[in-house]
Amino acid sequence: MPTFRANAATGLRRIALAAMLIAPLAACQQRGPVNVAAADDESAWYIGTMPDKPHDVPLVDTSRLDPKYRRQVVSYTGPEKPGTIVVDIDKRQLALVQNDGTARQYGVGVGKLGFSWKGEARVGRKGVWPDWSPTTTMVSLHPDLPRTRKGGVDNPLGARALYLYQGNRDILFRIHGTNEPWSIGEQMSSGCVRMLNEDIVDLYERVPVGATVLIKRNGKYRV
């Protein structure tokens with residue numbers, strides 16, 4: 001992992017404030033109340049930054065996560081080809097299949113039942129510190145939402161986003177970073193897959209446009 005410099009306390013408080021302010025605008029919008037206790041303690045989640053452009057990536061104290069949600073290499077015996085992304089909704093884990101009988105495994109936050117896609121998707125495009133725009137459905141439910149938000153540390157999509165397509169159609173689901181690290185391991189958004197910012201940066205560098213994305217629930221692919 002790249003070296004990082006310690007953030008000043010004021011910088012961490014600024015990140016915390018920004019995260020709480022934009023929580024209702026989450027790209028794959030959160031359902032139900034924000035975890036206020038977690039949000040109040042948000043600055044305690046961060047231990048520094050990782051150099052990146054045009055913004056440094058806030059680094060999370062992963063000791064606060066259940067070990068199964070920390071980035072790791074695990075044995076993998078599934079039938080998928082190397083380079084395939086497999087999202088297990090029940091386990092709250094994303095696996096990138098490698099060619100040596102292993103997978104890079106990451107903890108994720110996932111969508112509530114009924115808010116995840118079916119079938120095989122692919123990475124149609126990728127974004128670095130992407131802008132965020134609400135879907136038509138979000139706007140109909142929340143007319144006061146801004147129509148766009150520029151990329152940055154206070155953006156719901158975080159440091160990177162993988163945009164999922166079926167055929168030539170953007171299915172409006174993303175694998176993206178989050179500024180709510182306490183949501184990793186939870187089932188709370190409308191269907192997108194959220195990762196720690198440092199984890200989505202790692203995945204982004206390993207996954208090309210065109211990579212296959214599969215989703216599992218109850219141990220089976222949603223087809």
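The model is predicted: local features need pLDDT of at least 70, side-chain atom pairs count only at pLDDT 80 or more, and totals for chains, interfaces and linings use all residues. Residues are numbered from 1 along each chain as its sequence is written, and side-chain values use heavy atoms, leaving out hydrogens and water.

**S183**
- S183 sits in the loop between β10 (169-178) and β11 (187-189); strands are DSSP runs of E, at least two residues, numbered from the N terminus.
- The relative accessible area of S183 is 0%, so S183 is buried (under 20% relative accessible area, 1.4 Å probe, protein chains only).
- Its side chain reaches the backbone oxygen of E180 at 2.6 Å.
- Not counting residues up to four places away in sequence, S183 touches G109, T178, M188 and R194 (contact means heavy atoms within 4.5 Å).

**Helix α4**
- Helix α4 spans residues 197-206; helices are DSSP runs of H or I, at least four residues.
- Eight of its 10 residues are buried, among them N197, E198, D199 and D202.

**Nonpolar cores**
- A nonpolar core is a set of buried Ala, Val, Leu, Ile, Met, Phe, Trp, Tyr and Cys residues joined through side-chain atoms within 4.5 Å.
- The largest has 26 residues, and I85, L94, W117, L164, I175 and L203 have the most contacts inside it.
- Elements giving two or more residues to this core include β10, α4 and β13 (212-217).
- Another core, of eight residues, lies apart from it and includes W45, V60, Y69 and L196.
- Leaving aside neighbours within four places in sequence, W117 contacts residues including L164, F173, V193 and R222.

How values were computed. Buried < 20%, exposed > 50% of the residue type's maximum accessible area, 1.4 Å probe, protein only. Polar contact = N/O pair within 3.5 Å; in protein donor to acceptor, adjacent residues only side chain to side chain.
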